[in-house]
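Visitor: I am new to this structure. Could you show me how to read its aromatic rings?
Guide: Gladly, let us look together.

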Amino acid sequence: MSLQGTIFDVSGKHIIITGASSGIGQYLAKMFVRNGANVTGISRTAPRSNNEISGNVKNVEGVPHHLIADVTDADAMETAFDTAESRFGRCDTLINNAGLMEYPGRKSSQKDSREIFQRVLDINTVSIAALSELMASRMAKAGTRGSIINVTSALRGPKFSRTAEYCASKAACEEFSNHLAKKWARKNVRINCVAPGWFETQMTSKYFEKGASSVLIDSIPIKTIGRFEQLDGVFLLLASEASSYIAGTVLQVDGGFSI
């Protein structure tokens, strides 16, 4: 079904997605292209494809232009934003999707544990806050009615005690996003979060490889692991004018897992 001409229409919009080389990020890039958007993917690694690479721009089947940059490197990201906007014009929507799930092993030293926690915070919280500020200021300066979507997680709470670092970083990201949403809403830039539940990606594959699907399904009221296409609605909503009065919210897409 075509969304062109509806309030969910994203055709012609320029959407930048971080962490677009695989998983949810790569899926979203393809989905937005199918819906007529101009999309730039940014990741610190090349997309998972055998296509030819020219410079730092990759053309993956069904995926838009892709730039190599580390989200924790402020200068590299500003350059990437400049490159993207020189190609497709000002950014209408930024999706901060890049994330890391890493945690200390049982035999990790205190130093190693600290370093892992810092790395997780740098990617999942600090970089998202910094990129939200950077893009919001660019949108405001350009007079764009912009949208920033920060991808957090519904996989949180005491049941994930072994991934406390990840859970804490995502909770902090949501809190920071709320503060930024209030600040930038005055400039017509909306900031919201999407918190996916259990989807099989490179990051969560370790759980599925151990045969955890049946156990996980028992804890999901809808009784199924998420399918990528079930993310379409919420991201199309937040990237389009359909969400023009939504700011500072967290939308859970988890089949009721967090209830």
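The talk below turns to pairs of aromatic rings.

Guide: This is a predicted model, where local features need pLDDT of at least 70, side-chain atom pairs count only at pLDDT 80 or more, and totals for chains, interfaces and linings use all residues. Residues are numbered from 1 along each chain as its sequence is written, and side-chain values use heavy atoms, with hydrogens and water left out.

Visitor: How many aromatic pairs does a search of the whole structure find?
Guide: A pair of aromatic rings is described by the distance of the centres and the angle of the planes. Rings of Phe, Tyr and Trp (its six-membered ring) pair if their centres lie within 6.5 Å; planes under 30 degrees apart are stacked, over 60 edge-to-face and the rest tilted. Here the search finds three pairs. One of them, Trp-198 with Phe-257, is edge-to-face, at 6.4 Å between centres and 85 degrees between planes.

Visitor: Are Trp-198 and Phe-257 buried or exposed?
Guide: Buried means under 20% relative accessible area, exposed over 50%, and partly exposed in between (1.4 Å probe, protein chains only). Trp-198 has 3% and is buried; Phe-257, at 5%, is buried too.

Visitor: What kind of pair do Phe-199 and Phe-228 form?
Guide: Phe-199 and Phe-228 are stacked, 6.3 Å centre to centre with 20 degrees between the planes. Phe-199 is buried at 4% relative accessibility, whereas Phe-228 is partly exposed at 22%.
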